[in-house]
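Student: I have a new structure open. Please show me how to read its features.

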Amino acid sequence: MFCRFLPAPPGPLFLTALHLARGWRLSAILLLGFASGLPLALTGQAMQAWLTIDGIDLATIGFFGLVGIPYTFKFLWAPLMDRFEPPWLGRRRGWLVLTQLALAALLWWMSTLSPAAAPAPFAMAAVLVAFLSASQDVVVDAYRTDLLPEEERGLGASVHVFAYRLAMILSGGIALIWAGQWQSWPRVYETMAAIMLACSVLSLLMLPGVSAALKPLASDPRRELLGFVAMLGGVIVGYWLARLLLIAVGLDPNDANRWIQLLFVLAEIALALPLAAWAAKRAGFETLNRSLSSYFSQQGAAAFLALIILYKLGDAFAGSLTTPFLIKGMGFAQEEVGIANKVIGIWLTIFGAFLGGLIMTRLALYRSLLLFGVLQLVSNFGFYLLAQLGKGAWGEVTVPAFDWWIVSLAQPAVLDGLLLAVIAGENISGGMGTVAFVALLMGLCNQQFTATHYAMLSAFAAVGRIYVSPLSGVLSASIGWPAFFLFSIVVAVPGVVMVWWLRSALNALGRPPVVAAADD
């Protein structure tokens with residue numbers, strides 16, 4: 001008798017519309033994941049290969065790693081992209097299209113420059129690419145959160161990661177194969193610029209509009225802009241103050257000694273950051289100030305930031321100069337490195353991520369971080385073995401010929417057996433560690449400021465990847481590759497120790513939703 005009060009089951013037309021809407025949303029996430037992953041290697045491993053082929057010395061290549069600095073500061077301008085809306089296209093879609101068009105233009109500009117003949121303009125173009133790439137990541141994360149209903153966020157995150165890794169295979173692996181086949185890195189970057197332009201057109205035509213779930217603070221936009229400008233002023237003042245102080249004690253920023261150059265870089269960063277934070281607070285950069293205050297009001301906030309920096313530090317050291325090590329140090333061809341490290345390797349990272357996700361359904365966050373951290377530490381020993389034993393120590397493995405629409409191998413490729421074993425261990429353990437790491441970041445976000453908090457935490461996560469690069473270049477040139485990789489094992493220990501030390505706080509975070517992987 002009560003059946004008439006029950007809602008009727010959804011009809012086939014409703015279910016079809018629901019599936020179409022979900023498919024459209026996931027297609028949008030697929031596109032944005034690909035666009036987000038494409039530029040990363042073009043200012044990282046692919047750029048390192050170009051520099052190596054152009055004859056740039058190892059220490060200089062290490063300093064070129066600093067072009068990725070914008071990835072560590074993206075949370076500073078993320079509030080502006082939340083606060084202001086470009087005309088006509090909406091807040092999210094407008095920023096996406098603008099950043100993607102600008103990325104296409106800058107990649108084309110990079111293709112016209114020579115690292116050896118014009119290192120300063122080349123480095124400037126790379127910094128701008130990294131800045132726009134980091135800005136695109138901020139909007140993509142916010143758009144994904146706004147677009148997907150709660151029940152689709154796990155699936156949407158997996159789709160994003162899958163597309164992100166596919167783009168990294170293209171720009172970080174297949175790019176090396178193309179460069180070897182075409183004998184031209186400029187042509188590779190021209191091609192990447194065209195692909196990014198296509199992404200911007202597709203974003204303009206197919207991305208559904210969204211309305212942000214949480215409105216920005218009702219703050220004065222002029223004060224927000226003034227606060228941002230003041231923060232940039234703090235960075236500039238800190239940079240010059242550090243240089244002047246070191247010059248005053250008798251050091252020369254143009255000294256040929258790489259350790260003195262490294263000291264200048266570290267001092268400039270150490271003074272610029274606190275001055276920028278002080279200036280933003282004084283000038284009333286309200287959106288940034290409120291979001292940062294909400295994070296640091298959490299118990300153990302500073303200790304968690306230390307864990308975020310240290311957990312991937314050993315991994316960052318081992319991977320910071322992988323491409324120059326394999327090409328120049330071990331004598332592998334570009335095509336070999338592209339296939340092994342950036343095609344097979346990234347697929348193994350995806351496998352490791354899914355394996356880590358399965359393990360995390362059984363283990364809590366603390367135990368997962370501890371287990372995967374130890375595996376990451378042990379995997380660095382493989383690079384030490386490769387540096388000690390040399391090329392050909394474990395025989396060779398034949399990769400069958402293939403013919404894809406994006407790249408082809410006319411004949412089977414013969415790859416070093418030890419190289420493949422090292423790449424497999426490093427990428428599978430790295431993928432597993434990233435799963436637990438992303439779960440940690442998600443658990444630390446305050447829902448009211450998710451976009452800015454995630455941008456800040458992921459920026460701190462990139463600190464190791466960016467700032468160890470100049471130290472890695474100087475260190476590896478000074479002590480040699482075997483000792484360098486042993487050092488990378490040592491610096492991985494504090495991250496594991498931090499996990500154990502924060503075990504109670506990590507257990508208190510519970511089990512946040514687990515995604516497959518993230519950009520590391």
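Tutor: Start with a term. A salt bridge is a side-chain nitrogen of Lys or Arg within 4 Å of a carboxyl oxygen of Asp or Glu. Keep in mind that this model is predicted.

Student: How many salt bridges does the structure hold?

Tutor: The general idea is that side chains of opposite charge can pair when their charged atoms come close. Here there are two salt bridges. In one, arginine 243 pairs with glutamate 268, and the closest N and O atoms are 3.0 Å apart. Arginine 243 sits in helix H9 and glutamate 268 in helix H10, 25 residues apart. Aspartate 315 forms a salt bridge with lysine 312, with the closest N and O atoms 3.7 Å apart.

Student: Are arginine 243 and glutamate 268 buried or exposed?

Tutor: Both are buried. Aspartate 315 and lysine 312 are buried too.

Student: How do I read two packed helices?

Tutor: Two packed helices are described by the angle between their axes and the distance between the axes. Take H12 (residues 301–311) and H19 (residues 481–501): their axes come within 8 Å and cross at roughly 145 degrees. The crossing is left-handed.

Student: Which residues in H12 and H19 meet?

Tutor: Among them are Ala303, Leu307 and Tyr311 in H12, and Pro494, Met498 and Trp501 in H19. The contact has nine nonpolar residues, one polar and no charged.

Student: Which residues touch the most other members of the largest nonpolar core?

Tutor: Trp185, Tyr189 and Leu506 do, in a core of 147 residues. Helix H17 (residues 417–444) gives the most to this core, 14 residues. Another core, of five residues, lies apart and includes Ala242 and Ile260.

Technical notes. Residues numbered from 1 in each chain as written. Predicted model: local features only at pLDDT ≥ 70, side-chain atom pairs only at ≥ 80, totals over all residues. Heavy atoms only, no water. Core = buried A, V, L, I, M, F, W, Y, C linked by side-chain atoms within 4.5 Å. Buried < 20%, exposed > 50% of the residue type's maximum accessible area, 1.4 Å probe, protein only. Helix = DSSP H or I, 4+ residues; strand = E, 2+ residues; numbered from the N terminus. Axes fitted to C-alpha atoms, helices over the stretch in contact; angles between N-to-C directions. Left-handed = near helix turned anticlockwise from the far one by under 90°. Contact = heavy atoms within 4.5 Å. Nonpolar A, V, L, I, M, F, W, Y, C, P; charged D, E, K, R; others polar.
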